[in-house]
Amino acid sequence: MLKAMLSEAWMAMGANRLRTALTMLGMVIGVGAVVIMMAIGQGAQYAVQQTISTMGSNLFIVLSGSFTAAGVRSGTAGGPTLTVADSEAVAELDGVVNVAPTHQGRRQLVFGSQNWSANVVGTTPPYLEARAWTIASGAAFGDSDVRSATRVALLGKTTAQNLFGDEDPVGKTMRIQQNPFIVIGVLGSKGQNLDGNDQDDTVIIPLSTAQRKVFGTPFLGSVRMIMIQAESAEAMPRVMESTTALLRQRHRLREGMPDDFYMRNLSAAAESEAETTRTMSILLGAIASISLLVGGIGIMNIMLVSVTERTREIGIRMAIGAREQDILMQFLLEAVMISLAGCLLGLLLGIGSALLVNAITSMVIVISGSSVLVAFGVAAAVGIFFGYYPAQKAARLDPIEALRYQ
Amino acid sequence: MTEPVIRVVGLGKSYETAAGLFPALRDVDLEIQPGDFIAVMGPSGSGKSTFMNLLGCLDTPTAGDYFLAGRNVAHMEKDALARLRNSTLGFVFQGFNLLPRMNLLDNVALPLVYGGTGKDERRVVARAVLAKVGLGRYGDSLPSRISGGQQQRVAIARALVNKPRVILADEPTGNLDSQTSQEIMALFRELNREGITIVLVTHEPDIAAHARRQVRFLDGQLVSDQATAAPPEPAAC
């Protein structure tokens, strides 16, 4: 019975091909628009999430305070207010996963006849975990390297390529400001961060070595920045609060005195970026859905015309034994088939143009299975919703009137 | 005497109009025995169309009872009436009323679709019935490719395909020339000989002459009921 009805619906669609095709076009454009918009929106979300995950999650930093000497103000992290001991104390706090005191700056690197300026980060082993760095080859340095200030370095992919070309840098000796460093490992690639800076253009060395040999420090044991990773996004506010309290206590700041350090939430910016793209993606989908609605109205319009045209046919079918629900099903099926066929073509159109956009621009496009499923579901729902009224109108016809219709 | 296949008692149908209740049919009593061939005659507006619509279960009466194959259908639900039309009645119309987009075989098989017969069986049965009306070779043609007389044969095949008790034919020769009309009537007589009850609406006396019995309507009432002067040979059952 259903099979017979399907083939009849197919025949009805074929009876007036141009009209069916035009009706379908509304659905094609609607579904195509939804698919491409969702692909772009999800692509943007994916790109942002990707960047966030390379930055490391639930991070905040504490910068040492500024100082003023002879009327000259130093700016953030100019003063020696934070110490390595501070960072060790923070590590004991509840909810803290990783703590890494860091000191960084841009320095010239030399290997053989090549030289290259890269961001040099002096830090401790937890830094690698906090920033989600992986080791592509070689090995990371350990706490003992920090204690004894060994001259070892981990190279980012960009730095390694510029300095060593195709050579394997592991085991080679390069120089940072005249000091020889042995490259003990190469870091996995992370790509650019939200500001567009290349995160792979970096060198990581032990903090103690950096302070003594590379940057120099006016006060031994002081540090310009401490990076702290909380165990979860929910724990962030609590950890930041307890860190502030601990540092104020350690720095002997009385009530009412300003903090002698600055605190920055690194994840907040990323979160808001993610939120923005999420909103954009919903907005794009909503706008595209309007064309789907218009396509649905087109189906309803054509089905109403079709019911009127085929009044006599409906009368004949009723006379030979079609029940109301048979007629209802027949027209509903036709509407759903038009919308599903339109949906299928729309999917092809949407996916095709998404791939085209991807090929022409460097925009990230994500076509997820769920967006395809949603498009199909919505198309079927549109077919049923907009096909129901015309189908019901057909089913409610009086057979005598319908048979008399010319 | 066997139980009548159609029995109407005090049948009436009134329509609401702006001028008040209009009685299209009043107080009709009629019995039709299995295997009968009856011609319903009368001028336009005599109520014969209303009567046929009631017999065809396309409409329900406002008065009286209608027993079709022993069951009172006067107060049945729409779906039950549809089922009854499908299983017990066959319709032949003046305008043939084949579905233009379907080939002849599918047209003939359509009542079987609504009767719930499987696809393979549908094709076998429809092919056999189409062959019976002499159009076995045309199964794949569209209705527009064959003549009016052939289309009416297909319509008769469609009416026959569910093995109905009664065939209701509404001016089946109205759109045909006299030669073809005679052929169609010969087919009806043959079917009648095989035991199918036929109720035929016509206003042409020479067409009505093919029936065994003629009833006449006037102003919504049954005014005469008589056997045809030279009746054809009796039915087999």
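View 1. Of the chain B contacts that link residues at least 6 apart in sequence, 68% join residues at least 24 apart; two residues are in contact if their C-beta atoms, placed from the backbone, lie within 7 Å. This is a predicted model, where local features need pLDDT of at least 70, side-chain atom pairs count only at pLDDT 80 or more, and totals for chains, interfaces and linings use all residues. Residues are numbered from 1 along each chain as its sequence is written, while chains are lettered from A and ligands numbered from 1 in the order in which they are written.

**View 2. The fold of chain B.** Here you can trace seven helices and ten strands, which are DSSP runs numbered from the N terminus (helices: H or I, at least four residues; strands: E, at least two). The C-alpha trace of chain B spans about 50 × 40 × 40 Å along its principal axes. Buried residues, those with 20 or more other C-beta atoms within 10 Å of their own C-beta, placed from the backbone, make up 46% of the 237 residues in chain B.

**View 3. The fold of chain A.** Chain A has 13 helices and 14 strands. Its C-alpha trace spans about 105 × 55 × 40 Å along the principal axes, and 41% of its 406 residues count as buried. For contacts in chain A between residues at least 6 apart in sequence, 82% join residues at least 24 apart.

**View 4. Where the chains meet.** Chain A brings 17 residues to the contact and chain B brings 21 residues. On the side of chain A that touches chain B, the elements giving two or more residues are α1 (2-15), α10 (311-319), α11 (324-360) and α13 (399-404) of chain A.

Technical notes. A residue is buried if 20 or more other C-beta atoms lie within 10 Å of its own, exposed if 12 or fewer, and partly exposed in between; C-beta atoms are placed from the backbone.
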